[in-house]
Amino acid sequence: MNQASVRPMIAADILKLRRHRATMTTAVLLSVGMALVYFAFIEARHHGNLAGPQALSDGAALMGIYFGAFAAILIGAEAGTADLASGVFRDLVATGRSRTTLFLVRIPAAIALALTLTLSGFAVAVAAAYAGHGAAPAPTAGLVLEYAAWVALSTVVQATLAVGIASLTGSRPVTLVAVIGWNTIATGILYLASFLGPLRDLVLLIALGGLFPGQQVGTRAHPGSSIALNNFKLPMPVTAAVLVILAWAVIPAILGAWRTRTQDA
Amino acid sequence: MTPPIIETLGLTKRFGARTAVRDLSLTVPAGCAFGFLGHNGAGKTTFIRMLVSLTRPSAGTINVAGQSLSAHREQVLAHVGAIIEEPRFHRHLTGRENLQVIAAARGSQARRRIEPALERCGLSTRGNDRVGTYSQGMRQRLGIARCLLADPKLVILDEPMNGLDPSGILELRALIAGLVAEGRTVFVSSHLLTEIEKTCHAAAVIHQGRLVAVGSITDLIGDAGSLENRFLGLTSRAGDYA
């Protein structure tokens, strides 16, 4: 795949996503909008005391696990199905471009847009953490970067997962229900199922939680927030967490690429 | 000697127990408008889908401009423009943006052809409007503009007259004639016999997946009086052995 010739294709995929008003409006509301609502709500409840680092932790969970992740999944699902749903996929195939390339360019396009939104949402948390830390210490730049990197990692993996599943199923609704349902309801249940032991480490959000910079919910060091945003953090080896996260990105991408290569256009 | 623009040998496509295209061997000369006639469901679109690599043949070979499609897919399709069934677009994008999407896949030369293609198809002034606001005729013209991004040796139009009003049909005829005058080959699939008679120099007739006749329009008409009479004669007789 020639990098120079692929760049315009990624730009074209970004254009398709960016101009899809319904998707982008919803994604902006889910990410930046929800961050603004969340911190305005906390601000109102705590009279200006966001307890510094706790705002970062909540902001990272909000963007990497909850609403920001939903935005990334929404964008990934749109990226994975847009060409097929519009009927343009066959015209792209008829250009002679390899189907693998047509699939692969969807991933950086979805990631670019999703990252812009989730990091913007996280920037709201950073602003809140500095503006409203009250008596608690202001967060360090290093801590901000750690959380930002975790949000970016979560966004990249979840957008890639959604592109892969959407390309595999060819259906945006199925992708949204399956991925968001798994990440919220199923993961929440599995997190509490302690009898499963280390098997729980195979769940994406639990593996991401393993790398979460903050404390496990319930043992948090900065009890400034009245809303306990679950970060699905369980003790697990970093290597195991990295491998599980990688698998959750790579396996759906391989399946999506396989389907894109083999389906009749 | 210029190789034929399309040459298929024993082309067959099966969908489970059903055979859509059977052992079809066809040679289309370069630089003409060539009609591809058949009833609905005769196998025309399946044949075209194989020509542009949207679906794999169950058997047989395809050469385009002397190159094997299976061996040189990317090089072959780089010079082919096609509208398969009705032209489809991202409706939330403008006409110009839709061309940018395809041009991005075709390469930098194609990007430079966007404006001339819009101009040629009479869409310069509507290029910044969303495709969702276009009429059927405008979408058809945008489809042809999309074909022109390839600077194609071969333009494949599948049922291009469908849904067009009389002025749209006249515009399309003029566009096809213009493309042929530039030395390109236009392969027109249709069940509208009078249009093929008016637009094309030669044609092939397909029935139940089999090629039943091929030749110049004059030769095909022969003593039948019209292409319609010949077509009906060929396709009813062909049905006897299908």
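Predicted model: local features only at pLDDT ≥ 70, side-chain atom pairs only at ≥ 80, totals over all residues.
How are H3(A) and H7(A) oriented to each other? Residues are numbered from 1 along each chain as its sequence is written, and chains are lettered from A and ligands numbered from 1 in the order in which they are written.

**View 1. Chain B as a whole.** Chain B has 10 helices and 10 strands; helices (H or I, at least four residues) and strands (E, at least two) are DSSP runs, numbered from the N terminus. Its C-alpha atoms fill a box of roughly 55 × 40 × 40 Å along the principal axes. A compact globule of 242 residues would have a radius of gyration near 18 Å, so the 18 Å of chain B agrees. That radius is taken over C-alpha atoms, and the globule rule is 2.2 Å times the number of residues to the power 0.38. Of the 242 residues, 48% count as buried, that is, with 20 or more other C-beta atoms within 10 Å of their own, these atoms being placed from the backbone.

**View 2. The helix pair H3(A) and H7(A).** Here is the reply to the opening question: the two helices are roughly antiparallel to each other, a label for angles over 145 degrees. The axes of H3 (residues 53-64) and H7 (residues 106-131) of chain A come within 8 Å and cross at roughly 165°. Axes are lines fitted to C-alpha atoms, for helices over the stretch in contact, and angles run from 0 to 180 degrees between N-to-C directions. Among the residues making the contact are A:Leu56, A:Gly59 and A:Met63 of H3(A) and A:Phe122, A:Ala125 and A:Ala129 of H7(A). Residues are in contact if their C-beta atoms, placed from the backbone, lie within 7 Å.

**View 3. The six-stranded sheet of chain B.** Look for an open sheet of mixed pairing, in the order E6-E7-E8-E3-E9-E10; two strands pair if DSSP finds at least two bridges between them. E6 (80-83) and E10 (210-216) are the edge strands, each pairing on one side only. Within the sheet, E3 (residues 33-37) and E8 (residues 185-190) run parallel and are joined by five bridges, with B:Ala33 opposite B:Val186. Helix H1 (residues 44-51) lies across E3, E7, E8 and E9 of chain B, at about 150° to E7(B). Helix H6 (residues 136-148) lies across E6 and E7 of chain B, at about 160° to E6(B).

**View 4. Two hairpins of chain B.** Strands E1 (residues 6-15) and E2 (residues 18-28) run antiparallel, joined by seven bridges, and B:Phe15 stands opposite B:Arg18. Two residues lie between these strands, and B:Gly16 takes a positive phi near 65°. E9(B) and E10(B) also run antiparallel, with six bridges, one pair of bridge partners being B:Ala202 and B:Ser216. This hairpin has two residues between its strands, and B:Gln208 has a positive phi near 50°.

**View 5. Where chain B touches chain A.** The contact takes 26 residues from chain B and 23 residues from chain A. On the chain B side, the elements giving two or more residues are H2 (73-77) and H3 (95-106). H3(B) supplies the largest share of that side, seven residues.

Note on methods:
Buried ≥ 20, exposed ≤ 12 C-beta atoms within 10 Å, placed from the backbone. Parallel < 35°, antiparallel > 145°, perpendicular 65-115°, else oblique. Contact = placed C-beta atoms within 7 Å.
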